[in-house]
Amino acid sequence: NLIDDWIKYMKRLNKNYKFIWNATDFRNTNFNEFDHIFALLAYDHLKYEADRNDELEPSLTEMTLKAIELLSKNKNGYFLLVEGGKIDHGHHESNELRQRN
């Protein structure tokens with residue numbers, strides 16, 4: 001269990017951490033209070049932005065801003081790569097539609 005393993009690892013290292021599993025918890029968490037955040041916000045892929053239920057899923061923008069908030073505490077700087085993963089799904093779906101027509 002990836003979640004359990006991560007929590008045990010954080011405890012073993014005596015780290016200040018939080019596991020987040022839903023949008024409400026995500027939005028109510030002060031990211032400045034933690035050094036490590038593990039957020040799994042959907043059982044599978046998050047929805048396309050046009051299909052997203054704001055109450056159930058944070059936006060890519062929200063998640064990016066929270067990541068910057070957490071990472072900017074690092075005095076050595078950070079590298080953050082942000083990508084909406086469903087962009088690849090959209091490409092495949094577009095190809096499938098073109099092949100049918």
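Tutor: With exposure. Buried means under 20% relative accessible area, exposed means over 50%, and partly exposed is what lies in between. Keep in mind that this is a predicted model.

Student: What makes tyrosine 48 partly exposed?

Tutor: Its relative accessible area is 24%.

Student: Where is tyrosine 48 placed?

Tutor: In the loop between β2 and α3. Tyrosine 48 and lysine 86 are 38 residues apart in sequence. In space their C-alpha atoms are 6.6 Å apart.

Student: Serine 59 is also in the loop between β2 and α3. Why is serine 59 called buried?

Tutor: Serine 59 has a relative accessible area of 10%. Buried requires a value under 20%. Serine 59 therefore counts as buried.

Student: Which residues does serine 59 contact, leaving aside neighbours within four places in sequence?

Tutor: Glu49 and Arg52. Contact here means heavy atoms within 4.5 Å.

Student: Arg52 brings us to charged pairs. What makes aspartate 54 and arginine 52 a salt bridge?

Tutor: The closest N and O atoms are 2.9 Å apart. The rule asks for a side-chain nitrogen of Lys or Arg within 4 Å of a carboxyl oxygen of Asp or Glu. The pair meets that rule, so it is a salt bridge.

Student: Are these two partners buried or partly exposed?

Tutor: One of each. Aspartate 54 has 42% relative accessibility, so it is partly exposed. Arginine 52 has 18%, so it counts as buried.

Student: How many salt bridges does the structure hold?

Tutor: Six. Among them is the pair of aspartate 25 and lysine 18, at 2.9 Å from N to O. Aspartate 25 has 19% relative accessibility. That is under 20%, so aspartate 25 counts as buried.

Student: Now the rings. How many aromatic pairs are there?

Tutor: Four. Ring centres must lie within 6.5 Å to count as a pair.

Student: Why is the pair of tryptophan 6 and tyrosine 17 called edge-to-face?

Tutor: Their ring centres are 5.5 Å apart and their planes stand at 90°. Edge-to-face needs an angle over 60 degrees, so the label holds. Tryptophan 6 lies in helix α1, residues 2-12, and tyrosine 17 in strand β1, residues 17-20. The pair ties together parts that are 11 residues apart in sequence.

Student: Is tryptophan 6 buried or exposed?

Tutor: Buried, at 17% relative accessibility. Tyrosine 17 is partly exposed, at 21%.

Student: What makes phenylalanine 26 and phenylalanine 31 an edge-to-face pair?

Tutor: The centres are 5.6 Å apart, with 75° between the planes. The angle rule is over 60 degrees. Both phenylalanine 26 and phenylalanine 31 are buried.

Student: Which residues form an aromatic cluster?

Tutor: Trp6, Tyr17, Phe19 and Phe38 form one.

Student: Phe38 also takes us to the pockets. What is the volume of the largest pocket?

Tutor: About 360 Å³. It is lined by 14 residues, and the closest to its centre are Phe38, Ala39, Leu40, Leu41 and Met63. The largest share of that lining, four residues, comes from α3. The lining divides into 12 nonpolar, no polar and two charged residues.

Student: And how much space lies in the second largest pocket?

Tutor: About 310 Å³. Of its 20 lining residues, the closest to the centre are Leu46, Leu60, Met63, Gly84 and Gly85. This lining divides into nine nonpolar, five polar and six charged residues.

Key:
Residues numbered from 1 in each chain as written. Predicted model: local features only at pLDDT ≥ 70, side-chain atom pairs only at ≥ 80, totals over all residues. Heavy atoms only, no water. 1 Å grid on protein atoms, 1.4 Å probe; cavity = no way out; pocket = protein on both sides within 12 Å on 5 of 7 lines; lining within 4 Å. Points joined across faces, edges and corners; volume = space filled by probe spheres on them. Helix = DSSP H or I, 4+ residues; strand = E, 2+ residues; numbered from the N terminus. Nonpolar A, V, L, I, M, F, W, Y, C, P; charged D, E, K, R; others polar. Buried < 20%, exposed > 50% of the residue type's maximum accessible area, 1.4 Å probe, protein only. Phe/Tyr/Trp six-rings, centres within 6.5 Å; stacked < 30°, edge-to-face > 60°.
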